[in-house]
Amino acid sequence: MNAPPPLFMLPEPVTPDLRHAFGGVWRLTLRRHLAPGRWVMLLAGLAALGLLAFAASHDRRADHYAGWVVDFYVAFLVPAFAFVTAAGAMRDDMKTGTVDYVLTRPMPRPAYVVARFVAHTVLQQLDFLLALAMIVVIGSLRGFPGLMALTPGFLVAQALLITAFAALGFLAAVLTSRYLVIGIVYAGVIEAGLGQIPTQISRLSLTRQAHNLFAPTGEIVSATAVLGTGVMMFLFATLALAAAAALFRRREFGGA
């Protein structure tokens, strides 16, 4: 005699597909990136940066403007904004409404952190490309024709710093909601403290490493220096992201 059919059928378990999961994370990140409010803030920031670049271009020395780009834009603005925006994006993903929607999907948490980091960093690189292009165009129009030759060096340093400080921002956001405190402490102790010591310990400073890529005139020093700095920053970003993924995996979240 056949057994009676069950009163209800359990659904088939969903097999995780990292390729589809990454596509979903990318689409969610892109939608936030294209939000009108975010673009209003971006355009306002670009306008303010353009005014600063125009003011810096009043000094007619070519090395002055190139030095301003390296010291102020590449070594200060880029890491600061990369850290803050990355940490803010990660904290948004840890809110109750997002947790209910995202973390219930069949995707390992470490894979989610990596996918979110890649999507966020790629789009952030595009934002900073707009900023750097505006700075270079303003400098060229103001009478610094050699600035275009320095642009590849600016691009390399910018891309490395964005990647490293975005990973640091993800780690700080996973550690605490007061990630700005971690950023300020890190900037004060490592970047402004150890980075100013004229010894090998200054290599712990990421902005100092990026700054050392350039000669006083703004020209990039050598391919060997670029490779060494790139390896160091890639290792830093990898370790910071791995720590963020490990901590995120063990966090307990409350739903809405």
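Which residues in α1 meet which residues in α5? The legends below take up this question in a predicted model.

**View 1. The whole chain is built from helices, with zero strands.** Read in sequence order, the pattern is α-α-α-α-α-α-α-α-α. The chain has 256 residues, and 40% of them count as buried.

**View 2. Contacts link residues that lie apart in sequence.** Take the contacts between residues at least 6 apart in sequence. Of these, 76% join residues at least 24 apart.

**View 3. The chain exposes about 14,300 Å².**

**View 4. Helix α1 packs against helix α5.** Helix α1 covers residues 18-33, and helix α5 covers residues 109-141. Their axes are 9 Å apart. The angle between them is about 40°. Therefore α1 is oblique to α5. The crossing of the two helices is right-handed.

**View 5. Side by side, α1 and α5 show the residues that meet.** On the α1 side, find L18, F22, V25, W26, T29, L30, R32 and H33. On the α5 side, find A111, Y112, A115, R116, V118, A119, H120, V122, L123 and D127. Sorted by class, this contact has twelve nonpolar residues. Three polar and three charged residues complete the contact.

Technical notes
Residues are numbered from 1 along each chain as its sequence is written. This is a predicted model: local features need pLDDT of at least 70, side-chain atom pairs count only at pLDDT 80 or more; totals for chains, interfaces and linings use all residues. Side-chain values use heavy atoms; hydrogens and water are left out. Helices (H or I, at least four residues) and strands (E, at least two) are DSSP runs, numbered from the N terminus. Buried means under 20% relative accessible area, exposed over 50%, partly exposed in between (1.4 Å probe, protein chains only). Contact means heavy atoms within 4.5 Å. Accessible areas come from the Shrake-Rupley method with a 1.4 Å probe; for residues, only the protein chains shown count as cover. Axes are lines fitted to C-alpha atoms, for helices over the stretch in contact, and angles run from 0 to 180 degrees between N-to-C directions. Angles under 35 degrees count as roughly parallel, over 145 as roughly antiparallel, 65 to 115 as roughly perpendicular and the rest as oblique. A crossing is left-handed if the near helix is turned anticlockwise from the far one by less than a right angle, and right-handed if clockwise. Ala, Val, Leu, Ile, Met, Phe, Trp, Tyr, Cys and Pro count as nonpolar, Asp, Glu, Lys and Arg as charged, and the others, Gly among them, as polar.
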